[in-house]
Amino acid sequence: MKKSYIITALVLLCNLAFGQQKIRIHNSGNIMYAKAITAVDSIKLDNTYARFKLSDDTNPLNIQKALIDSITFNTATVNLNKIYIIYNGTDNATIINPYANAGVTITATAGTVTVTATSGIDNLEYNILGATSNGSLTMTTDKDVNLVLNNLTLTNPSGAAFYISGGRTTNIYLTPGTTNTLTDGSASTRNGTIHNNGPIVIQDTGNLVITGIKKHGINTSSSLTVLGGTISIVSAASDGFHSEGFIMSSGTVNITATLGDGIDAGDTAIAISGGTLNIASTTADVKAIKTGTSTINITGGTFNITVSGAQSKGISAKGNVTISNGTFGMTISGTTVLTASGSGFDPSYCSAIKSDAVITISGGNFTIQSLAAADGGKGFSANGEIVITGGNFTINTAGNGGNYTNTLGTADSYSTAGFSTDTNINISGGTFTLTNTGLNGKNISADLNITISGTAQITANNSGNSGKCIKADGNIVFNGGSSTLNVSGTTVLTASGSGFDPSYPTGIKATGTLTINSGVVTIIGTSTATGTKGLSADGAITINGGTVSSTTAGNGAIFTGTTGVADSYSSAAIATDNNIVINGGTVTTYSSGTGGKGLKADGSITIGTSTSNPTLNITTTGARFLVSGTDYNHPKTIVANGTVTINNGTNTINSTDDGVHSDTSIVVTGGSTVINAISTVTAMGEGVEAPIINFSGGVTNITSSNDGINATYGTVAGGTESNDGSQLNISGGIVIVAGKDAIDSNGNITISGGTTIVCGPTAAPEEGIDYNGTFNMNGGFLISAGSNAGMTKNFSTTSTQRTMYLKSSAQLANTSLLHIRNASGTEMVTFKPKNAVYYFHFSSPNVTAGTSYQVYFGGSYTGGSFAGNTSGWGLYTGGTYTTTGATLKSTFTASGSSTLNTVTF
């Protein structure tokens, strides 16, 4: 009481001494209140307030002492233009209203403050301070307003903390360094702790903490814009933000413990260019950031989003989602929900970023974790296209998928995916590190087509059983980029019919066609990836360019097929139910698992064109395995049900079983092809095998542990020595063959052109050339050497070109030469065998009737050129043969009446 009297006395003295001066009350750098000293009767201080008794007001002006920074006196004119609303606990709120006579009416009953503003003045500033546990601000305004929050704590147990109507913009300024707390109550009839029917703009650098007990944290029927500050929705019965449109360029938004969406922008667009959003939700079927029928455009910002509710989404729009920048850390763990529909169910998945339309990404950094609980979790999911031209993506998926009955009543399944769309995916840029550990999970998946081009850098690791790195139900096209795909999951057998249906771990799988025009594609299937398919398509696989490498190390296995019959599967570097066409590029495959295949086609395989020259390196090193009875699954480098055609290319084929196999035919018109088919299993290792085999060009060099060239339909009635109608036709090119038999036809052999160089084994019963039908030599050049097997036959009498069938009782060593020349010394042939041999087939257009010929073993050869195997056996031409050290084995004259000449020595 003594202090209040002193203040009163001081005021009286000031009135006498400074009649024209004004008292000024300062808060936060502003003049909160000013009054002529002559109008201040007294100032009383108590524990809480400074109480100003004014001569023109019957009610004292009570201002909390803690809010008064200073009191000054000055004669200058003060134009008060800020409204103050100060909450005083259970006492009436303090109102400082310079516009009381200009259309702004403010009443306060305890903590309940009502504002009616019809002033027609834009952007009136309301400074709101203090605290109350039972108060509110209800405002009706005809113009935009600025609400400056300065350490405000306001709780309304029976309604909204702020209820602002009039449809005007509410600008909320969060005073720097302050924390402002707003809470509503369960009895509220409003839909938000802040409830507005006009736009809301939040800015400055202070803090705003909101608890939404009744429903939303902030609710407006118009837009919500965040330009600054830190806004925290610590809990909400429904959405954190609920608005029609959302804009953010700076500041921080923290939304946790909401039972609804984090940010629901209604059916209006979302535009985020900066700031940080931290949103966590555990509720089912909610979205961290959502717009209905409109779009989301993100050009910057930091997003830390966690959703764990069933079928919940991180960022979701029915319209397009466009992202050009930003940093995204997102974790999803919600389960899939099956909703009854039609004759079954419609699945809804937990997704990090979801659009019912198109997702377009040109930049940004994305780290997305789809945890094991997210059984069908999707990193990016779109009903429309996904288009990516840039950005950095790290996506991990771990869900194991599930089985269900779809809306048509058909058994179906779902799985997790890093990228998933109902239409197309186009990737032309960006860096991708994608990992899947979930059963049947996909790193990139499209219901229609996938195109990868430009500078895209993709690394995918898929260890999920039957997982797919890149999967399209339509077509897949590579027009550039670099893709490295690692597969380590196992084959999964699903019960079907009377047995099982296998699903394989796969690097690239297209239900339609697969085309590689350019780029680098590398696929590695580890030894744990049983039955791996490197590149796989139901339609055609076409490689026009680029560098393709496919390595598979997983073993094959037997299983019971859907018809109840024993069946098997094995790994394949490149496999299709249709055709394989390799027109260009470099293709390298390496298959080391049991029964592994290099190129496998249910249709045809075509390599090169007359103008394109691919490079192929195809290797299989695995062993065969028994399926049932005498049926084995064999490793093969190139195998097709249809025709295998080699038109061009530099082709190296290495196999531990068959080199090139076709159930129909093999056609070689060009290229340079080396085939090594070497098996450790007796009678295995065919170099080239098909019912019909035609050579018309190129250079083909074949080395095998069994037949080098085997024309056969298989065993037929009459035994293996009967004519099954198969054909070997050589009309051009250079064919170099070593094996046992080196050439074997269960049908006919016809040579009409080209150069054929053959070396069979030393020991019978295998031969250099073996045939069951006819052997017609009608043109071209042939030199063949083999054992002294009694089964070896001469050319057929129907041959139109003159021939020699030489039978030696002594071996020609593999270090020696066979040399044939006419009496005048003109070279007919000089040949070095691969093995020690006895019998020879020789024919050349230069052999003439009635001419004398000499046959030498031994001697030496200098100069000229060589056609043969890299080990040094083959045909020498254009050089000089020296008889020194040679043995003249025979001199004979070619028949003038028959094309056949049999010479024994």
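Select residues 827–832, strand β84, together with residues 874–877, strand β89: the two run antiparallel and are joined by 3 bridges. Strands here are DSSP runs (E, at least two residues), numbered from the N terminus, and two strands pair if DSSP finds at least two bridges between them. Next pick T830, whose bridge partner in β89 is Y876.

The model is predicted: local features need pLDDT of at least 70, side-chain atom pairs count only at pLDDT 80 or more, and totals for chains, interfaces and linings use all residues. Residues are numbered from 1 along each chain as its sequence is written, and side-chain values use heavy atoms, with hydrogens and water left out.

Now move to the second largest pocket, with about 690 Å³ of space. A pocket is an open set of points on a 1 Å grid over the protein atoms alone, where a 1.4 Å probe fits, with protein on both sides within 12 Å along at least five of seven lines; lining residues have an atom within 4 Å of a point. The volume is the space filled by probe spheres set on the points, which are joined across faces, edges and corners.

Select D57, P60, L61, I95 and I96, the closest to the pocket centre of its 27 lining residues. Then colour β8, which gives the largest share of the lining, 6 residues.

Definitions and conventions. Helices (H or I, at least four residues) and strands (E, at least two) are DSSP runs, numbered from the N terminus.
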